[in-house]
Amino acid sequence: MITIIISILIALGILVFAFLWQTTLSGITRKIVGRYQKRYGPRFYQNFRDIFKALSKRGITHGWVYSFGVIMAVGGIMATVMFLPLFGIVPFPGVDNFFIYVYLFAVGMLGMAMSAVGSGNPLAGIGVMRALTQMVGYEVPFMIVVLAMIYGHGTSSLSELAAIQQTSGFLSWNLVKMPIGTIVGFICLLGMLGKKPFETFIAPAEIASGPMVEYGGKQLGMLMIMHELATFIEISLFVNLFLGGATPIVFGETTVLVGLSSVVGFLLKYSIVYIVSALISNALGRFKIDQVIKYFYKVPIVLAIIQALIVVFLGWGV
Amino acid sequence: MNPALLIAAPLLAAFIAVIFKKIDKVVLGVVAVGNIAYSIVMAVLFTGATQIAIGGFAPPFGISLVLDSYSLIGILLVNVAFGLILLMGTKLVGRYGIVLAVSLAALNGIVLTGDLFNLFVFIEVAAISAYIMTTMNKQLKHTFNYLILGTLASGLLLFGIAVLYNMFGSLNIIDIASKLAISGVSAGAMVLPIVFIFAGLSVEAKLIPFGGWVRGVLKKSNSLVGPLLVTGYAAAILLVFGRLTSTIFIMSDGLKIALTVVAVATLVLAEFTAFSKKNLREVLLFSSIAQSGLVVALFLNGLTVAAILVLVNNVVSKLVLFALSAKIADDTGTDKISELKGVFTKYRVLGVGFTIAAMSLIGLPMFFGFVAKAQAVMSLFESGNLWLPAVILLVSVIEGIYIIRILTTLWNSGKEGQVPSKDAQKEYKLNGFVKVSIVALVIGVLIVAAGILPITNIKEFLSSDFLSFITRSMGGV
Amino acid sequence: MGISIGVGTIIVGLLISAVLAYVLTKINKTTGAWVTVLAPFLALAAVFLLRDSIGTTYSLFFLEFELTEYGWFFSMIMLLVFACVSFFNVYWMKKMVHPAAYNMLYLLALTGTLGAFMAKDFIGLFIFWEMIVWSSMFIIPFGKSRKASVVYYAFSALGSLAMLYGIFYLYNAFGSFNIQEVLKLAATDTTAALVAFITIGIAGMVKLGVFPFHLWLPRAHGNAPDTFSPILSGGLVKAGGFAVFLIAVVMPSYEAFATQLQFMGVSITSYIFILFGAVSIVVGTLMAIKQDDFKKLIAYSSVANAGYIIIGLAMTDALSVGGAFMHIFAHALASAAAFLAVAAVSHRTGTTKMSELGGLIHRMPLTYLVYLIAIISMAGIPPMAGFISKWMLFQSMIDNGMVFVATAAFFGSIGSFLYVFRPLSAVFLGQLSPKHYKVKKAPVLMMIPMIILSGLTVLFGIFPNIVLRIVSRIQTSVGMEGLQFDGTKIIGSNGSLDPTLIVVIFGIGFMIALVIFLLHPKSRKVELMDTYTASEFIYTPELLHYSHSFYAPFERLYKNAPDTSKWYKAILKKVSEIGGFVSYAFFSSKPRIVVFWIVIAMVALLWGGSV
C-alpha cells in the first residue's frame, strides 16, 4: 500500500513537472518561432497566462457531454503522463508498457472528440474526422517500428527500452541501431503533434480550428492543459524510444552529477526535438487529409515494414 | 405370399373400371389401399428372398418375380407413394382412373420382376400410361416429345436385352448373373448391352442428357401426375438400376468411370439448373434429376444401402414438395417463387410439412435426409473415394441455397428491404388444403422420426452390418 | 432439490421452454416473450452451478455430453448474451408477423449453441451446430431481408458441410466420433490433422465471419430483427471460435504440424489461417468505416474482431489463446451491448441509418453511455475488457515477429477508432433533428440488460483476472501452458499489465480534472444551434449535423478496392448460366436435339467402356 502511495506521489510529481516544463517550452518555442518569422514574439510564460485566463472566464456549455468529455480528456491524458518514466524514475515499474501509452492516450482523445462533436458544430465533427483519419496514418507505422524494437530488445517496457539504449553510449541509441525506424518515428511524431504538414485537423483557416471551434472559458483552458500534456507524452515517448531517454552528458564517478547531467541530457534532447518540429511546422504548408493518408501509406509505412523485417529476419539493430 | 397379386389386383381393377366407369375412383382407391396393406403384410411376414414363378414354368425358363428385401422396399415405396399421391389428388383423377390403375400394376411389376423381357414390358406399360396421364397437363407437344423419347428408350432397352439374350440364352436376371460368374465373360463384351440398357433406363430415370423430355412434361404438371412421375416412376426405374448394377453389370473400369461421369455430371448440372430456375416445380424437377444422378452414381459404386436411403429420402420429400407446389400452382395460378411471398403465413400446417420435407431434402440433421447423406458420404469414404463425397457436399450447398430461397420467400411476405408486416400480406386462397396439409404433416413427422432413430446409434447404422440384410439379399436367392 | 441438474436436463429444459414459448405466445404475446427471458436466466444459473462438475459426462437419450472447461466458458458467454438480449423480445412482439415462431426459434438457437459446446461426440456437435444454423436462418428473414437469410445459409452450409466432410473423414480413419479422442489421434497423423484443420477450420471461419467468408455478417446482422442482431454478433458467431479452438488447441495443431515448415513461430498451415485473420481485420475495418447503416457497421466490425480471434487461436501460445478467449468474451459483451443500443434507438426512432439520426444523447443519455462503453471496449481502449485482449494478442504477435499480421492488427486497432466513433458522433452527438424532439428514453426493461452488459465490460476491464483465471484453467485442461498472474497483474512475455492500476491512475487523473473543472466558474448553458457558423444564419439542425459520408476523404482512397461479394456473385452467376445452358441444351422441347445428345452420349459411353 505504502509503495503504491509513494508511486502515485511520484507520478503526480511527474505530472506537475510535465505541465510546467512543456508549457514553458511552448512559450519559449513561440518566441523562437516569432523571431524566425521576424516578430518579437510573446514572453516565455505567455502560455501560462493564456491557460489561467481561459480557466477564469465564464464560458458556455452545450450540454453535459460537452463538459464531461473535457474532463475525460484531461483525466485520460493526465493518467497517461503519470505512467511515464522521467529521467530514469519509473513510477510504476514493470507495467510501463508501450501499449498503455497508445491506448490510454486514446481515452483522452476520445473524450475530447466526444466533447467537441457534442458541441453540435459540424466543423468540430470535420475536425475530429480528420484527426481520426490522420491517426490511422501515423499510428500504424509508428507501432510497427516499435514492434521491431520490442521484438529486438525483448521488452515492451518504456523505461527498459530506454535503459537498454544507455548501456554503451551514443552507439546503443535506437537512432543509430534503427535509423530508418527513427526517421519514421519522427515523421509520425509530426503527425501526432499535428504540426505542419500534418496540421489537417486544426487548420484554422479551413475549419476554424476544427475540434476547438466552440470552446471558451474553463473548457478551453483545460484543453490547453491537455494539449501541453499530450505534447509532453509524445515527445518523451520519442526521446525514450529512439534517443536513449535520459542519457547523461557528463560521465564520471559522481552519481549526483551524472544523474543531474542525465536530466539535462533528457531535457536537451526533448527541447531539440520539440523546437525542430516547431520550426519544420513553420516552414511547410499543410497537406490535405487524403494526401496525409496517401503519404503515410506510401513512405513511412513501407520504411517501417522494412525496418521491422530487418530486425526480425536479419537481427540487425538488436 | 404371392407378390403377383400386387400386379394383378390393379390390372383387375382397371378391367372392372373399364366396365363400370362410374365406380372407377372407388375401385382405384380400394386397390391402392389394398396394395399398401398387402405390401405391408408381406414385409411383416417376410422370411427370406424367394423367386416366384409365374405361369407354372420354373425359372429361369418362365417369367419370375423376385421377392427379396430389396424389392420389398421397392414395393413399399411405390405403393405408399402412389396411395398418398392419390389421396392428395383425388379430385384430379377424373377420367384417368384406368390409366392410374394400370400404371400402379406396371410400377409394381418393374420393381418385382426378375426377368429382363418382362421388365421391358412393364416399363413399356408404365411409360404408355405415363404418356396418357401427361395429357392431363394439356401440353400435348411435350407429351408427344415424351412419347418419342420414351419409344426410343424402349428400343434401346430392348436392343440391350436382346444382346444379353444372345450372349447367355437367358432372360432371367439371376440366371444371367450366375452364368456370368461361371463363364467369365470379359468385361469388354458386356460394354454393348450395358450401355444400351443404361441409355434406355436413363431416359426414364431422367439422367442428363437422356431425359430431355422431363422439363416440358413436369413443369406444368398438376398435383397428381407430377408427384407420380417424380416419385413413383423415378423410384421404380432407379431400383431397376440398382438391381442390374449389382447383378449383371460387370463393368470394365473404363465403363464404370464413364457411367459414373454421366451420373455425377447429372448430379452437378441438374443442381446448377435447379439453382437457375425461378418456378417451384421447375426447381423441384431439376432437383429430382440431380438426386437420380446421385442414386445412380451410388449404385454404380456398389453402395446399395446408401443409394436406397438417398432414393427413399428423395421420394418422400419430393412427394410432399411436388404435391404441395403443384397444389399451390393449381389454386393460385402461378408457381413463380417471387409471386408466392408469404403463402405459408396463412397455411401454416402446409408450410410446416413443406419445410420439413425441404429440410430433409437438403440433409439437415434430425431429418431423414441427413441419415441418407451421412450413409452416402460414409460408405464412399469406406470405399476409398474421397472426391465424390466432396462433390456431393458441395452441390448440396447449391441445393440448400435454392431450397432456403424458396422457404424464406414462402414464409415471409413483404418487400426486400422491409420488415414483413401483416398489411403487406397478399391474399391467397387454396381449395381443400386440409387433407393435403395433414398428409404433409404426417409425412413430416415420419421424416423426423426416421431422421432421429438412426442417429441414436449412428455407429451401428453406418457400419454396413446393420443394413446388410438388404445388400446380402441383393446378390442371389 | 430432487432432480440433479445436468447438461441433459438443461438441454431438455430449453427444448421444452421453446415449445412452451411457442404455445404461450399464441395465447398471449408478452407472456411468451417472458419465457424467452426466464429460460436463459435459469439455464445461466444452472450452467453456473455446474462449474464444480466440469469433466462429468452426461447422457440424454442417445446424445452424450461432456462438460469441458472451454465448453463451460463458451456456454456461459452464450447464455449471458441470450439472457440479456431476451428482455428486448418483449418489446418486439408487436412488430413481428410470426412472434410465436420467433420465440421458439430463439430458444432453439440457444439450445443449439449449448448442445454444440457440450457435445461429447462429433455427431452431437454437428446436430446442434446445424440447429443453430436453421433456427437462425428462419429468424433472419423476419427482419428486413429475405436474401440475407439465403446468403447466411449459403455460407453456413459451406462451413457445416466442410465440417461434415471432416467428421466422416476422421471417423473413417479412426473409427470414433468422440471429439477429444479423435482429435488426439488426428494429431499423430499429419494428413488427418490437415483435413481436420482445414474442414473444421473452414466451419469455424464461416461462423466467425473471417475473410473470405465474411459477407454473410453485414447482410445477416444488418437485416435480422433488431433483437436478433445482438445474438448473432455477440453469441452465435462465437461458436466459430469454438470450432477453431477445437482444431487449433485441443487437437493441438502445434503438435500435429510440428513436422511442417515453421514460419514466424507457427506452422505454415496455421500461418495461412492467421493471414486470413489479418485480411479480415483490414477488410472488416475498411468496410465498417464506410457503412451508413448502424447495424452493418457493427457487423463489419465483427468481421474485423473475428480476425483477432482466429489469429489468437491459431498462434497457439499461452498469451495468444488467452487473448483470443478474452477477446471472444469482451467482444461478445461489447457487440451485444452495441447492438442493443442500436435496437433501443431503432425502437424509439424507427431507423438505423446514421445519416437520419443525431443528437440523441439529449434524449437517450443512458443508451449513449452503454454505446460509449461498448465502443471503448471494441476499440481496445482501457479500462474496458477489450483492451486486455488486444494487449495480449499484440504481445504474441510481437514475440513471433509477425510483422505483416501485426501491421494489419495495428491498422484494425486504430481503424476501429474511426468506425466506432462514427455512430457516436452521427447518432448520439451533434444536432438533434426536430423530428426526434419527442423521442423518449429507452424503456426500463431495455436498460437492465444494457446496463448489465456495460457493467460487466467495465468490471472485467478492471479485474480481467476473474476471467483470465478461468481461461488459464482451460489452457491447462487442454495441455498447454496457462497464463501467468501476479496479483492484479497479467504477466506477458515482454511486459506486464496491471489493469486495476490503470483504472486507479485514470481515476486519479479524472478526479484532478474534475476538481479543476469544479473550481472554475460555472458555464452558461446555450442551445445546440447557438454555435459558430461563420456569421451565417442557419436554422435547420439537420444542416448543421455532420453525418453524411463521414469519412469521405478516407473512403475515396479505397473506393476502387475489389468487392468480395462480386466474386461470389460471379460464381453464382456462372452456376446459373451453366444451369440455363443445361436447361436450354439438354432439356429442349425438340426431340431431335435430345436424340442427338443421346447418340453422342452413347457413343462416348461405348468408347469410354472399351478403353
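How far apart are the nearest C-alpha atoms of chain A and chain B, which do not touch? In this predicted model, the distance between those nearest C-alpha atoms is 30 Å. Two pairs of chains do touch, and of these the pair formed by chains A and C has the most contacts.

Chain A contains 13 helices and one strand. Read along the sequence, its elements follow the pattern α-α-β-α-α-α-α-α-α-α-α-α-α-α. Taken along the principal axes, the C-alpha atoms of the chain fill a box of roughly 55 × 45 × 45 Å. A compact globule of 318 residues would have a radius of gyration near 20 Å, and the value for chain A, 20 Å, agrees with this. Of the 318 residues of chain A, 62% count as buried. Contacts within the chain can also be viewed by separation in sequence: among those between residues at least 6 apart, 78% join residues at least 24 apart.

The contact between chains A and C involves 73 residues of chain A and 62 residues of chain C. On the side of chain A, the largest share comes from helix 5 (residues 122-153), which supplies 16 residues. By class, this side of chain A consists of 46 nonpolar, 21 polar and six charged residues.

Strand pairing also links these two chains. Strands of a sheet pair through backbone hydrogen bonds, in either a parallel or an antiparallel sense. Strand 1 (residues 60-61) of chain A pairs with strand 8 (residues 524-525) of chain C in the parallel sense, over two bridges. Within this pairing, A:Ile60 has C:Arg524, in strand 8 of chain C, as its bridge partner.

Chain C also touches chain B, in a contact that takes 64 residues from chain B and 54 residues from chain C. Several helices of chain B give two or more residues to this contact, among them helix 6 (140-168), helix 8 (187-205), helix 11 (253-276) and helix 18 (433-456). Helix 17 of chain B gives the most to this side, with 13 residues. The residues on the chain B side divide into 38 nonpolar, 20 polar and six charged.

Within chain B, one helix pair may be examined in detail. The axes of helix 10 (residues 225-247) and helix 13 (residues 304-332) of chain B come within 8 Å and cross at roughly 170°. Because angles over 145 degrees count as roughly antiparallel, helix 10 and helix 13 of chain B are roughly antiparallel to each other. The residues of helix 10 that meet helix 13 include B:Val230, B:Leu238 and B:Gly242; those of helix 13 that meet helix 10 include B:Leu311, B:Lys318 and B:Phe322. By class, the contact between these two helices has eleven nonpolar, five polar and one charged residues.

Chain C, finally, holds an open sheet of three strands in the order 5-6-7, with antiparallel pairing. Its edge strands are strand 5 (484-486) and strand 7 (496-497) of chain C, each of which pairs on one side only. Strand 6 (residues 489-491) of chain C is joined to strand 7 of chain C by two bridges, and these two strands run antiparallel. C:Ile490 stands opposite C:Leu497, which lies in strand 7 of chain C.

Definitions and conventions: Residues are numbered from 1 along each chain as its sequence is written. Chains are lettered from A and ligands numbered from 1 in the order in which they are written. This is a predicted model: local features need pLDDT of at least 70, side-chain atom pairs count only at pLDDT 80 or more; totals for chains, interfaces and linings use all residues. Two residues are in contact if their C-beta atoms, placed from the backbone, lie within 7 Å. Helices (H or I, at least four residues) and strands (E, at least two) are DSSP runs, numbered from the N terminus. Ala, Val, Leu, Ile, Met, Phe, Trp, Tyr, Cys and Pro count as nonpolar, Asp, Glu, Lys and Arg as charged, and the others, Gly among them, as polar. Two strands pair if DSSP finds at least two bridges between them. The radius of gyration is taken over C-alpha atoms; the globule rule is 2.2 Å times the number of residues to the power 0.38. A residue is buried if 20 or more other C-beta atoms lie within 10 Å of its own, exposed if 12 or fewer, and partly exposed in between; C-beta atoms are placed from the backbone. Axes are lines fitted to C-alpha atoms, for helices over the stretch in contact, and angles run from 0 to 180 degrees between N-to-C directions. Angles under 35 degrees count as roughly parallel, over 145 as roughly antiparallel, 65 to 115 as roughly perpendicular and the rest as oblique.
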